[in-house]
Amino acid sequence: MQPQYIWFWHFEGLSPSRSLAIVTILGWGICALNKKIDYSIYKKRQNLVLLAMWGMMHLAHIFSPFDLYSAGIRAEVVLETLNTIMIMYFVALGLVASEVAIKYMAILMGVLVTYYVYWSNDQYLSWNWSQFSHGRLMGPKGSIYRDENVFSTIFKELTRPAIL
């Protein structure tokens with residue numbers, strides 16, 4: 001449902017991840033200024049453990065006796081990715097810690113499931129065989145789900161009933 005994949009001729013070069021991060025951080029800042037963030041969520045044990053692990057990983061990298069080391073990928077790349085994930089986790093945590101936010105996320109998930117069900121069926125019913133690879137439906141062209149395995153995984157997860 002990202003605009004550059006649906007209307008690629010208008011949104012070329014748009015970075016959805018960066019745009020989402022900027023909007024999310026701005027939203028957190030606005031909520032913080034309006035005193036709408038419950039900071040007690042950050043004091044929960046799981047969040048403190050995550051912070052400790054994040055810090056230990058950086059300390060291990062800083063104090064490592066090896067200049068360059070890798071396990072298939074450089075440590076700097078792993079830590080940069082982890083930094084992004086952790087920052088967005090803690091920013092989003094303050095925004096989704098309310099029932100209203102969870103309700104809107106559930107509604108959005110329902111909209112996405114409905115769209116992907118429509119889109120998938122449209123590919124079959126319009127005989128758009130260019131969207132198939134070895135008999136398997138691929139995701140929308142240019143999207144992060146363009147690979148048929150990734151698309152089937154996300155589609156399966158979106159339509160799986162939640163375990164209560």
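## Basis of the description

A residue is called buried when its relative accessible area is under 20%, exposed when it is over 50%, and partly exposed in between, with a 1.4 Å probe and protein chains only. The structure is a predicted model, in which local features need pLDDT of at least 70 and side-chain atom pairs count only at pLDDT 80 or more, while totals for chains, interfaces and linings use all residues. Residues are numbered from 1 along each chain as its sequence is written, and side-chain values use heavy atoms, with hydrogens and water left out.

## Overall architecture

The protein holds 6 helices and 2 strands, where helices (H or I, at least four residues) and strands (E, at least two) are DSSP runs numbered from the N terminus. Read from the N terminus, the order of these elements is α-α-α-α-α-β-β-α.

Of the 164 residues in the protein, 21% are buried. A contact requires heavy atoms within 4.5 Å. Among the contacts with a separation of 6 or more, 47% join residues 24 or more positions apart.

## Asn47 and Leu93

Asn47 belongs to helix α3, which spans residues 45–62. Its relative accessible area is 1%, so Asn47 counts as buried. Leaving out residues up to four places away in sequence, Asn47 touches Ile41, Tyr42, Tyr89, Phe90 and Leu93.

Leu93 is placed in helix α4 and is likewise buried, because its relative accessibility is 13%. Beyond its neighbours within four places in sequence, Leu93 is in contact with Ile41, Tyr42 and Asn47. The C-alpha atoms of Leu93 and Asn47 are 9.6 Å apart in space, and the two residues are 46 residues apart in sequence.

Ala32 lies in helix α2. With residues up to four places away in sequence set aside, Ala32 touches Ile37 and Tyr39. A separation of 9.0 Å is found between the C-alpha atoms of Ala32 and Gly94, which are 62 residues apart along the chain.

Lys35 is located in the loop between α2 and α3. Its relative accessibility is 73%, so Lys35 is classed as exposed. Most residues other than glycine have a negative phi. Lys35, although not a glycine, has a positive phi of about 60 degrees.

## The second largest pocket

A pocket is defined on a 1 Å grid over the protein atoms alone, as an open set of points where a 1.4 Å probe fits, with protein on both sides within 12 Å along at least five of seven lines; lining residues have an atom within 4 Å of a point. The volume is the space filled by probe spheres set on the points, which are joined across faces, edges and corners. For the second largest pocket the volume is about 280 Å³.

The lining of this pocket consists of Leu20, Val23, Thr24, Gly27, Cys31, Met88, Ala92, Leu95, Val96 and Met105. Two or more lining residues come from each of α2 (16–33) and α4 (75–95). Helix α2 supplies the largest share, 5 residues.

Val100, Tyr104, Ile107, Leu108 and Val111 form a nonpolar surface patch of about 500 Å². Such a patch is made of residues with over 30% relative accessible area and no salt bridge, with nonpolar side chains (Val, Leu, Ile, Met, Phe, Trp, Tyr) joined within 5 Å; a salt bridge is a side-chain nitrogen of Lys or Arg within 4 Å of a carboxyl oxygen of Asp or Glu. Ile107 is found in helix α5 (residues 99–125), and its relative accessibility of 48% makes Ile107 partly exposed.

Leu137 sits in strand β2, which covers residues 136–137, and is buried at a relative accessible area of 10%. Between Leu137 and Tyr124, 13 residues apart in sequence, the C-alpha to C-alpha distance is 8.8 Å.

Methods: Patch = residues over 30% accessible without salt bridge, like charges linked within 9 Å, V, L, I, M, F, W, Y side chains within 5 Å. Areas by Shrake-Rupley, 256 points an atom, 1.4 Å probe, with all protein chains shown as cover.
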